[in-house]
Amino acid sequence: EHSSDMVVVYDGNLLARYANSSVKRQLGYEPGEVVGKYGLAAVHPEDVPEAAAAFARVLADPDGVERREVRLRHKDGTYVWFESVARHYPGDPGERGVVTSSREIGEYRRALAERRRSEEEFRVLFEHSPVGIARASAEGRYTLVNPAMCRLLGYPSEELLQRTIADVTHPEDAEPNEALRQRLYRGEIPHFAIEKRYLRKDGSQFWGRVTVVAVRDERGAVRYTFGTTEDITEQKEAERRRIEALERQRDALVREVHHRIKNNLQGVIGLLERHARE
């Protein structure tokens with residue numbers, strides 16, 4: 001009677017013979033309003049076929065137990081999600097019945113729907129992002145890569161998942177990259193970003209801007225890292241050309257200044273020589 005779950009007993013014809021007080025709290029009905037009602041009357045029309053089949057199996061099997069998620073109509077006309085467990089109920093000698101124990105799981109269903117929505121959003125972002133996304137283990141081995149990462153490195157996913165971060169990093173950039181990873185794992189930094197050179201499968205190179213974050217467990221230990229990689233080869237090349245242009249301008253300026261200083265010094269020397277003769 002005082003169970004927090006909603007308990008209803010049905011006879012062999014699925015007419016309610018008993019309902020506890022939780023019916024009022026969870027569905028808004030007084031227990032007396034439930035008694036005598038057909039067991040499927042409050043079930044959402046879409047859930048009726050499965051619920052009827054579950055009732056039939058329990059009635060046919062004295063040891064039968066059925067667990068279902070089902071929508072039940074509240075007194076205000078809305079439908080509420082419940083997890084319902086149905087068991088065989090012997091009742092009087094020669095009678096068959098079913099007892100159901102139901103717990104409201106609307107919040108759980110909403111959380112589950114939100115989780116699925118978030119997972120779907122992540123999947124779309126992961127699959128269609130123009131930026132490379134990769135997950136790596138503590139040993140630095142790739143455990144998840146998106147199509148963009150495969151395109152950047154020239155590997156099919158099954159081959160890239162056999163590689164480590166060090167395998168695809170230019171040897172001159174491997175040490176600073178690993179030093180940052182170790183600082184991340186020790187908890188000294190929450191994330192890091194680095195510009196480094198990658199090695200493609202065909203041996204060619206490209207510059208990438210990498211941002212890495214750590215995913216930690218409830219104790220704070222790093223479970224794995226997620227990184228994004230953007231190809232910045234064109235930006236690096238543009239920067240190289242800009243620096244070369246500045247160096248050419250600097251060299252030209254130095255030559256011009258040198259030439260003018262030389263001319264001025266020659267003029268001064270000439271004046272001094274004339275003054276010396278005089």
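Which exposed residues does the face of H7 turned away from its buried side carry? They are Pro171, Glu172 and Glu175. Here buried means under 20% relative accessible area and exposed over 50%, with partly exposed in between (1.4 Å probe, protein chains only).

This is a predicted model, in which local features need pLDDT of at least 70, side-chain atom pairs count only at pLDDT 80 or more, and totals for chains, interfaces and linings use all residues. Residues are numbered from 1 along each chain as its sequence is written, and side-chain values use heavy atoms, with hydrogens and water left out.

**Helix H7**

- H7 spans residues 171-185 and has 15 residues. Helices (H or I, at least four residues) and strands (E, at least two) are DSSP runs, numbered from the N terminus.
- From first C-alpha to last, H7 reaches 22 Å, close to the 21 Å expected at 1.5 Å a residue. The expected span is 1.5 Å times one less than the number of residues.
- The buried residues of H7 are Asp173, Asn177, Arg181 and Leu184. They sit on the same side of H7, because they cover an arc of only 75° around the axis. The arc is that of the directions from the helix axis to the C-beta atoms.
- These buried residues pack against E8, E9 and strand E10 (222-231). Contact means heavy atoms within 4.5 Å.
- Gly187 follows H7 and has a positive phi, near 85°.

**The open sheet**

- Five strands form an open sheet in the order E7-E6-E10-E9-E8, with antiparallel pairing. Two strands pair if DSSP finds at least two bridges between them.
- Strand E7 (142-145) and strand E8 (191-199) are the edge strands, and each pairs on one side only.
- The twist averages 30° from one strand to the next. Axes are lines fitted to C-alpha atoms, for helices over the stretch in contact, and angles run from 0 to 180 degrees between N-to-C directions.
- Nine bridges join E8 to strand E9 (residues 205-216), and the two run antiparallel. Tyr198 has Phe206 in E9 as its bridge partner.

**Helix H3**

- H3 covers residues 48-60, 13 residues in total. Its reach from first C-alpha to last is 18 Å, close to the 18 Å expected at 1.5 Å a residue.
- Ala51, Ala54, Phe55, Val58 and Leu59 are buried in H3. Seen down the axis, the buried residues of H3 fall within an arc of 135°, so they line one face of the helix.
- The face of H3 turned away from that buried side carries the exposed residues Pro49, Glu50 and Ala60.
- The cover over the buried residues of H3 includes strand E1 (6-11), strand E3 (65-73), strand E4 (79-89) and strand E5 (97-104).
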